[in-house]
Amino acid sequence: LYSPDPGAFESEEVKLLVELSLDMAYGIQTLRARTLQACLQKELERSETRYKLAQRSALIGSWEWVIDSSTVYWSEEMYALLGKKPGEFIPTSSTFLEYICPEDRADVRKMIEEAFASKSSFAFEFRTSDENGNQKWLSSKGSVISGSDGEPSVASGTVQDVTELKT
């Protein structure tokens, strides 16, 4: 509001107008923040859809193990590569080894232990079988990340179906 007359509004009216303008400014900022948040949420959902499509198309799954909390995350495609669905079981650090053919398990365990000891990256291939006994080759690549104490804190990586390259 504007008036060329300096005395057009009393002090109480001025205070009320100031409060109203601050409330409106807050409302506008809140509306803008919610609009931005909605746009960011939509973009995140689109990005996640592209990520899942890329993993499915490349037959590659991802995983992460937070060592201190023993928390293990597998992507949907990681489950699929092992013939499972998310929610069928809770992945653990030892669950992965159960899906490796017994003939390859000791070598894989050794490579993982070496990566942890050296706190470095790793790469190995192994065989796994589905419930029907069909065997496939998987390739795993990842790295071990140390915490501030110098000890391994997170291990993460990918697993890819490379059966067609092996046959």
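## The strand pair

Strand β1 (residues 60-66) pairs with β2 in the antiparallel sense over 4 bridges. Two strands count as paired if DSSP finds at least two bridges between them. Strands are DSSP runs of E with at least two residues, helices are runs of H or I with at least four, and both are numbered from the N terminus.

This is a predicted model: local features need pLDDT of at least 70, side-chain atom pairs count only at pLDDT 80 or more, and totals for chains, interfaces and linings use all residues. Residues are numbered from 1 along each chain as its sequence is written, and side-chain values use heavy atoms, without hydrogens and water.

## Turn and faces

β1 and β2 form a hairpin with 4 residues between them. In the turn, Ser70 has a positive phi of about 55°. Val66 stands opposite Thr71 in β2.

Strand β2 spans residues 71-74. Val72 and Trp74 make up its covered face. Thr71 and Tyr73 make up the uncovered one. In a regular strand, side chains alternate between the two faces of the sheet.

## Helix α1

Arg50 lies in helix α1 (residues 11-58). Its relative accessible area is 46%, so Arg50 is partly exposed (buried is under 20%, exposed over 50%, partly exposed in between; 1.4 Å probe, protein chains only). The C-alpha atoms of Arg50 and Trp65 are separated by 23 Å. These two residues are 15 apart along the chain.

Leu22 also lies in helix α1. Leu22 counts as exposed because its relative accessibility is 53%.
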